[in-house]
Amino acid sequence: MKKIFYTLICFPFIFSCNKSEKKDQEKTQTNLYNNSVDSSEIILDEELADTIKKAETKLTTNQEELIGKGNPTLVRKDNYALLPEAAKAFDKMKAEAKKAGFNIHVISSYRNFDYQNGIWNRKYNSNSKDLTPEKNIQKIIEYSTIPGTSRHHWGTDLDIIHSTTGIPTDPLNEKHFNKGGSMEKFKAWLDENSEKYGFYLVYTNNPSRKGFKYEPWHFTYKPLSQKMLQDYIKLDLNTILKTEKLAGSQSFTPEFINQYKKEQILDINPAIK
Ligand SMILES: [Zn+2]
């Protein structure tokens with residue numbers, strides 16, 4: 001991208017691209033680039049801009065990858081597994097957070113179908129004595145996804161906290177991020193900075209939002225996941241979920257699946273759709 005812009009800008013001056021002109025043109029290039037992107041995407045530097053642009057253009061996904069049954073190439077380190085472009089941007093955000101005094105700790109990132117199915121089965125079985133299958137499913141989908149429908153299958157989403165003051169026994173609890181909680185200042189830092197690196201909150205605290213409850217810890221790397229969501233919603237979820245022998249899947253009526261799609265999958269932060 002950088003090269004293309006530079007070529008375009010330099011073309012009229014192809015014989016006179018000396019160093020000082022190059023500097024001026026780099027400034028123009030930055031301005032041009034900034035004008036060409038959504039103003040909500042503040043680009044920190046050229047390298048990050050390049051990473052994001054490449055991520056958006058090169059991405060191809062198939063159904064298996066979108067439902068957690070693929071074999072994506074992931075970068076695995078520091079307690080995370082993410083697609084390479086998301087990992088690169090995350091490393092930058094993590095380094096910047098460290099300068100501000102926050103040690104970002106990843107609770108969860110990529111999860112495949114089988115892993116999600118394990119979560120699903122555990123929750124379903126532990127509720128099944130007290131709840132009807134329908135009520136059981138409604139209870140699970142307050143926070144957890146049906147296997148095959150998790151954004152954690154994409155390698156773009158992760159749950160984060162900061163561990164500077166220790167890791168709570170129940171780290172993914174909203175109260176830590178609220179006023180007076182141990183993550184309150186970290187949340188303020190994320191509000192201020194995460195989008196600069198491409199990371200957006202998915203399940204916001206907008207009171208009129210349906211679907212999953214407020215998750216102040218769950219972020220998505222928008223330059224990759226926006227396109228993946230667009231591909232995902234074209235899948236035939238009714239057929240996919242009926243084919244899998246999931247606990248409670250006898251209650252997955254077409255009406256239920258359509259509502260799940262509308263609320264759990266699509267009633268999210270509008271900035272990432
Ligand atoms: Zn999550």
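Leaving aside neighbours within four places in sequence, Ala86 is in contact with Gly155, Thr156, Tyr221 and Leu224. Two residues are in contact if their C-beta atoms, placed from the backbone, lie within 7 Å. This is a predicted model, where local features need pLDDT of at least 70 and side-chain atom pairs count only at pLDDT 80 or more, while totals for chains, interfaces and linings use all residues. Residues are numbered from 1 along each chain as its sequence is written.

**The cores**

Ala86 belongs to the largest nonpolar core, which has 38 residues. Leu82, Ala86 and Phe90 touch the most other members of this core. A nonpolar core is a set of buried Ala, Val, Leu, Ile, Met, Phe, Trp, Tyr and Cys residues joined through C-beta atoms within 7 Å. A residue is buried if 20 or more other C-beta atoms lie within 10 Å of its own, exposed if 12 or fewer, and partly exposed in between; C-beta atoms are placed from the backbone.

Which elements each supply at least two residues of this core? They are β2 (80-82), α5 (84-99), β4 (157-162), α9 (184-193), β5 (199-201), β6 (218-221) and α10 (222-232). Of these, α5 gives the most, with six residues. A second, separate core of seven residues includes Trp120, Ile140, Ile146 and Ala247.

**Helix α5**

Helices (H or I, at least four residues) and strands (E, at least two) are DSSP runs, numbered from the N terminus. The helix α5 has 16 residues. From its first C-alpha to its last, α5 reaches 23 Å, close to the 22 Å expected at 1.5 Å a residue. The expected span is 1.5 Å times one less than the number of residues. The buried residues of α5 are Glu85, Ala86, Ala87, Lys88, Ala89, Phe90, Met93 and Ala97. After α5 comes Gly101, with a positive phi near 95°.

**The sheet**

Four strands form an open sheet in the order β3-β4-β6-β5, with antiparallel pairing. The edges are β3 (104-108) and β5, each with a single partner strand, so one side of each is left without a neighbour in the sheet. The twist averages 45° from one strand to the next. Angles run from 0 to 180 degrees between N-to-C directions, and axes are lines fitted to C-alpha atoms, for helices over the stretch in contact. Two strands pair if DSSP finds at least two bridges between them.

| Strand pair | Bridges | Sense |
|---|---|---|
| β3 and β4 | four bridges | antiparallel |
| β4 and β6 | three bridges | antiparallel |
| β5 and β6 | three bridges | antiparallel |

Some residue partners can be named. Ser108 has Asp159 in β4 as its bridge partner. Asp157 stands opposite Thr220 in β6. Phe199 has Tyr221 in β6 as its bridge partner.

Which residues cover the two faces of β6? His218 and Thr220 lie on one side, Phe219 and Tyr221 on the other, and all are buried.

**Thr204 in the loop**

Thr204 is found in the loop between β5 and β6. Is Thr204 buried or partly exposed? Thr204 is partly exposed because 16 other C-beta atoms lie within 10 Å. Leaving aside neighbours within four places in sequence, Thr204 is in contact with Arg209, Tyr214 and Asn269. Thr204 and Trp217 are 13 residues apart in sequence and 10.0 Å apart in space, C-alpha to C-alpha.

**The whole protein**

The secondary structure comes to twelve helices and six strands. Buried residues make up 29% of the 273 residues. Among contacts between residues at least 6 apart in sequence, 73% join residues at least 24 apart.
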